[in-house]
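Student: Please take me through the labels used for this model. For each one, set the value against the rule.

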Amino acid sequence: MDDLQRYNRATAHLDPPFAVLDLPALRANAEGMLHRAHGKPIRVASKSIRSRAVLERILAMDGFTGIMAFTLPEALWLVSTGMRNVLVAYPTVDRAALTELAAEPLAAREITIMVDRIDHLDLVDSAVAGVHDRQEIRLCLDIDAGYLAFGGRFRAGVRRSPIRESDQAADLATQIAKRPGFRLVGVMAYEAQIAGVGDDPPGKPALTRAIRLMQTRSQRELITRRGRIVQAVRQITDLEFVNGGGTGSIEKTARERAITEIAAGSGFFHPRLFDFYRGFGGHPAALFALPVVRRPAPGVVTVLGGGYPASGAPGADRLPQPYLPCGLRYDPNEGAGEVQTPLVGQAAEDLRTGDRVWFRHAKAGELCERFAGLHLIDGDRVVDEVPTYRGEGRTFL
Ligand SMILES: Cc1ncc(COP(=O)(O)O)c(C=O)c1O
C-alpha cells in the first residue's frame, strides 16, 4: 500500500480539513537527528511542534533534553503542566509573565530567559519590583552567529543579538555577575544561515554554489569565534550549557567543542523547506488533508481552504506543497487561497468531489496554529488524536 492509500484508509472516517502526524515517520526523523548529533543532547524547539502531547512523546526518547520555547507565557504554561528545563530563546518584555517567573520558585528554577543587553535586565527589575521574595532569574546570553564578509557589507544570518565578539560577551557577563537577582547559566548562538538555509535548492546552480561557499566559510569562522566567546564567558561564570544549531546543521554544530547541546525542531515533522539539504533527508510526518469541493473545468479541482503560508521572506517556497496525489500544482493566478484553492495538473483528472488532497506545510509548527488537533497515524490506522497548542486554547504567537 502506498502512502496515499494508507493515509486515505486510516482517515476514511474523518471529514477534512484535518491534520495528521505519521508516528513511524516522526520516530524515524527523531532517530536520524540523534544519529547526526553524535551523542550531544538535542533541545527540542517547541515552535516547530506546538503540541504538548507530541513534545512529551519526543522527550520520552533518550537523547532529547529540555525545551527551547518561543515565549515566556508558553514556558510558564509548559512548566505548570510538568515540563522541565525550558529555555526561552527570544527576549521577553512581558511584564506579567516576568512577574510570575520571579514569584514562582518552580518556574524560576526550570526556566531560563534570553538577554543580549543590559536593558533586558533593567526591564526585568522594573517589571518585578513589586514581587515579594523574588526568585533569582536564570539568564542565557544570545550571541550573533551571523556571517559577515566584505568588511560587513555582506551579511548572512538573522538579525538577533548585538553581541558578536568575546570582549562584548565577557563585558555583559561581568555586568550580570555583579547584578543581584540574576544568574547567567547559558550561552546560545544560532547559525540560521547554515541551519535554516538548504544547500541544495532545485534548479538554481549559481545560488547553490554561493550558499555552499557562504556556509563553509561561516562554519569555519564560527568554530573559532564561538569557541573564543565561550572561553571568555566561562572565565567569568560557570555555564550549564552552550546551545547552537538547528535542524539543518545538527552534525556540523555537534562537532564544535564549545557546544554542549543542539537545538532542533523542524526535523521531527520534516516540512517542505527541509527537502533541500544535501547532508540529511527525512520523512514528511505532518500533513493536512483538504477536501475537493468542486471541479470548475476539466483538469482543475478546487479544495476548501489551503492558504496557510509559512513565515519568512515572502515567496512561492512559503506555500504548502500539494503532496498527494502527486502531480498537482497551484494556479499561478490564485496560489493558496483564503477559503478555496484551485489545483491543476494531471492528477486533477482523477479526483472527484469529496476526495481529499494531502498537503505539507512549508515549515513545521505553524501548521498547528491552523488545527485544533493532530490525528496520530500508525500504519493504516489512526491510533489517537492529540491537541495542538491551539486545541488547548493557547496561541502564543
Ligand atoms: C534560537 C534557535 N535555535 C534553533 C532553531 C532551529 O529550529 P528548527 O530546528 O526548528 O529549524 C531556531 C529556529 O528559528 C532558533 O530560532
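**Values against cut-offs**

Tutor: Start with F150, which sits in the loop between strands β7 (147-149) and β8 (154-156). Helices (H or I, at least four residues) and strands (E, at least two) are DSSP runs, numbered from the N terminus. The model is predicted: local features need pLDDT of at least 70 and side-chain atom pairs 80 or more, while totals for chains, interfaces and linings use all residues. Residues are numbered from 1 along each chain as its sequence is written, and side-chain values use heavy atoms, leaving out hydrogens and water.

Student: Why is F150 called exposed?

Tutor: Its relative accessible area is 62%. Exposed means over 50%, buried under 20%, and partly exposed in between (1.4 Å probe, protein chains only). F150 therefore counts as exposed.

Student: What is phi of F150?

Tutor: Near 50°, a positive value in a residue other than glycine. D133 also has a positive phi, about 60°, and it is not a glycine. D133 is in the loop between α7 (118-127) and β6 (137-143).

Student: Is D133 buried or exposed?

Tutor: Exposed, because its relative accessibility is 56%.

Student: How do you know that Q219 counts as buried?

Tutor: Its relative accessibility is 18%, so Q219 falls on the buried side of the cut-off. This residue lies in helix α10 (residues 205-234). Leaving out residues up to four places away in sequence, Q219 touches I194, K252 and R255. Touching here is contact, meaning heavy atoms within 4.5 Å.

Student: What makes V86 a buried residue?

Tutor: Its relative accessibility is 0%, so V86 counts as buried. V86 is part of strand β4. Setting aside neighbours within four places in sequence, its contacts include I67, A75, V79 and I111.

Student: What makes helix α4 mostly covered?

Tutor: Of the 9 residues in α4 (72-80), 7 are buried. They are L72, E74, A75, L76, W77, L78 and V79. Among the elements that these buried residues pack against are α3 (52-59), β3 (64-69) and β4 (86-88).

Student: What happens at the two ends of α4?

Tutor: At the start, a side-chain oxygen of T71 comes within 3.1 Å of the backbone nitrogen of E74. Just after the helix, G82 has a positive phi of about 110°.

Student: Which residues surrounding the ligand are closest?

Tutor: S48, Y90, T247, G265 and S266 are the closest of 15 residues in the shell. A residue belongs there if one of its heavy atoms lies within 4 Å of the molecule.

Student: Where are the cis peptide bonds?

Tutor: One joins P16 and P17, with omega about 10°. P17 is in the loop between α1 (3-10) and β1 (18-22). Another joins L324 and P325, with omega about -5°. P325 is in the loop between β14 (321-324) and β15 (329-330).

Student: Why is the chain called as compact as a globular protein of its length?

Tutor: The chain has 12 helices and 19 strands. Its radius of gyration is 22 Å, close to the 21 Å from the globule rule for 397 residues, so the label holds. That radius is taken over C-alpha atoms, and the rule is 2.2 Å times the number of residues to the power 0.38. The C-alpha trace spans about 70 × 50 × 35 Å along its principal axes. Buried residues make up 55% of the 397.

Methods:
A polar contact is a pair of N or O atoms within 3.5 Å; within protein, one must be able to donate a hydrogen and the other to accept it, and residues adjacent in sequence count only if both atoms are side-chain atoms.
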